Amino acid sequence: MDNSLYAIEVEKLTKIYGKGGSAVTALADASLQVKAGELVAILGPSGSGKTTLLTAIGLINEPTHGRVIIDGTVVADAGWLPGIDLKRLRREKLGFIFQAHNLIPFLTARENVMIALEINKLSRNVAKARATELLTALNLAHRLNSYPSALSGGEAQRVAIARALANKPKVILADEPTAALDTENGTNVMVLLKKLAHENHSAIVVVTHDQRMVDGFDRIFHVNDGRMNSELCKIPSAQSNGS
Amino acid sequence: MNLALRDIRYHRGRFILTSIGLGLLLGVVISMGGIYRGLFADALAVLSSTKADIWVVQQNTNGPFAESSRIPEDITYRIRAVPGVSEASPLSFQTIQIDKRAKPYRFFLIGYDLNGFGGPPEIITGRGIGQKHYEMVVAAAMGMAIGEKLHLGLHDYTVVGITGKVVSSGGDPVAYVTLSDAQDIQFKKDNSAIRNDRERLGANLDALRSIPPGQAKYLKQNISTITESTHTVNTIVARLAPGADLADVQARINRWNHYRPLSVAEQTRILTKGMIEKARMQLGLFRAILLVISAVIIALIIYTSTLDKIKVIATLKLIGSPNRVIVGMILQQSLLMGVIAYLIGYGLILLTYENFPRRIVLEDVDLQVLFVIVMGICTLSSCVGIRKALRVEPAEALGG
């Protein structure tokens, strides 16, 4: 298989916290490949290691062993590779969506999107135009100047999605994006993520234990006790689509 | 995008209240600096308003302000005759406290020669003293009106003029009378006291067996002329002729043995280094303590504000924000708080300093130095928040 097809490649990833007798293996030999345009779920109970996997892919948590490759760039091989600018990679290649949307409370909806663009050195005017365009596309044109405290849960999560998409990242990582939403809003968010994955050709990895939402994913990986069960990684709809 | 301004805009109520609190504190710091400068101005007010070059005082004293000094009035004529002296004038000083309208009323009385100098530097209302007795000119701070009378010593004195802001080194407002009136107020006794003194001295003379009775009787008859003389002053001030050498004139007066000619520089040193040094140190200590308190408050505010923003900072880090964006946000907020608090404190003192019981002198250089110190404190204080912010892990943005 041509490696360049994959936006994310994780090979035998292991994360051990602590040393000696007190060492705890949070993740052991996890492997995963996600193509651009795929919407993938990582399911597992609390403490199973799914967030550890997400933070390793998100270049936040340094792996103890194994490789992480983002958009063809090897970023970790038994630890971060020297010379890798993790912040720049996160800024340019990754987008993040959080359980509690994590919008900056003192910025308006539009400014929350603009900040991601301005951090990536886009001019203020360009950032403003792009933020307006994104929020309008997500049916939030009437909420451009609203503060997060004035937004509903669904609206806030859509603003967070717009912020994640702002720099057109190759990879979007979502941590429990529907956990704080009701079924209707949660379903809407999942539909939106799937649409964005396909339209923007982004790989989207969603960590969730929200069983209500599993139908929308192209593939599902299960993590339990730090081990990824590859036998359960495919779902019929993804196979039937030939993904 | 300026995150510091956006945060302040959103939390403007909290920010303004905090800045007002800090502003009040800085106002106290500014006022203490002003009081310190005011002490200087007060201490030197009489010295500078007299416009003398030499102050002749009793030998081995630091008079007339820091120490008691008594010299005969007629020395004025000898000083006038010194080569290089253009004019000399006797001055008498005394602090007076009386009860007026059932309240203590304290002022500094200067007696001056109407034909000399050392009188009121300016007359704001009314006129200067025009007759030899029973008229006075008072500083505006005494709160007296033209025509008002004040009983001092044995007589009533009428206010004929109001002068500006002249105070003694102790901060008491100054009143001027003629030298002879000042000497009367200071030395002249009422009739019963005079009779009592004569009897007491007479009895002493009678008891002196070494004096023949005839001589004792003669002395007894003339003792009042000797003991009741009021022609004593505290200092004689002199001005130099153009081109005269101060050191030469001082050396000449020094040779007389009984007097000490102090230059204005020496008198200034005595007043500032001696008289107000402790007050200066006390005020300096208070200012330092208040600045430390301000620093602690700013540090706490910034630290608490940083703690409130841990998730925001983690999110910013997660989306790839460089550290300078986060450092800038905290530092700018701290500096802005310092600037606003400083302006509030400055504005407050500017509006109220005239009403302070002691003189407040706001010097530009003091205000500028304090501003720089406040900015330094804000920068240092923000380090606590910055340190915390830089330790925040991006992973803290994850989770509920």
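Student: Hi! How much area do domain 1 of chain B and domain 2 of chain B bury between them?

Tutor: About 710 Å², with 40% of it on carbon and sulfur atoms. Buried area is the accessible area (1.4 Å probe) that two parts lose on being put together, summed over both. This is a predicted model, where local features need pLDDT of at least 70, side-chain atom pairs count only at pLDDT 80 or more, and totals for chains, interfaces and linings use all residues. Residues are numbered from 1 along each chain as its sequence is written, chains are lettered from A and ligands numbered from 1 in the order in which they are written, and side-chain values use heavy atoms, leaving out hydrogens and water.

Student: Which residues in domain 1 of chain B lose the most area to domain 2 of chain B?

Tutor: Those are Asp42(B), Glu277(B) and Arg359(B), together 62% of what that side buries.

Student: And where do the two domains of chain B run?

Tutor: Domain 1 covers 3-42 + 277-397, and domain 2 covers 45-274; such bounds come from an automatic or database domain assignment. Their C-alpha centres lie 50 Å apart. Seven residues of domain 1 of chain B are in contact (heavy atoms within 4.5 Å) with 10 residues of domain 2 of chain B.

Student: New topic: helices. At what angle do α2 and α11 of chain B pack?

Tutor: Helix α2 (residues 12-50) and helix α11 (residues 323-352) of chain B pack at about 55°, with axes 7 Å apart. That makes α2(B) oblique to α11(B). Here, angles under 35 degrees count as roughly parallel, over 145 as roughly antiparallel, 65 to 115 as roughly perpendicular and the rest as oblique. Axes are lines fitted to C-alpha atoms, for helices over the stretch in contact, and angles run from 0 to 180 degrees between N-to-C directions. Helices (H or I, at least four residues) and strands (E, at least two) are DSSP runs, numbered from the N terminus.

Student: Which residues meet in α2(B) and α11(B)?

Tutor: Among them are Phe15(B) and Ile30(B) in α2(B), and Met337(B) and Tyr346(B) in α11(B). By class, the contact has 15 nonpolar, eight polar and no charged residues. Ala, Val, Leu, Ile, Met, Phe, Trp, Tyr, Cys and Pro count as nonpolar, Asp, Glu, Lys and Arg as charged, and the others, Gly among them, as polar.

Student: What about α5(A) and α6(A), at what angle do they pack?

Tutor: Helix α5 (residues 153-165) and helix α6 (residues 183-200) of chain A pack at about 15°, their axes 10 Å apart. So α5(A) is roughly parallel to α6(A).
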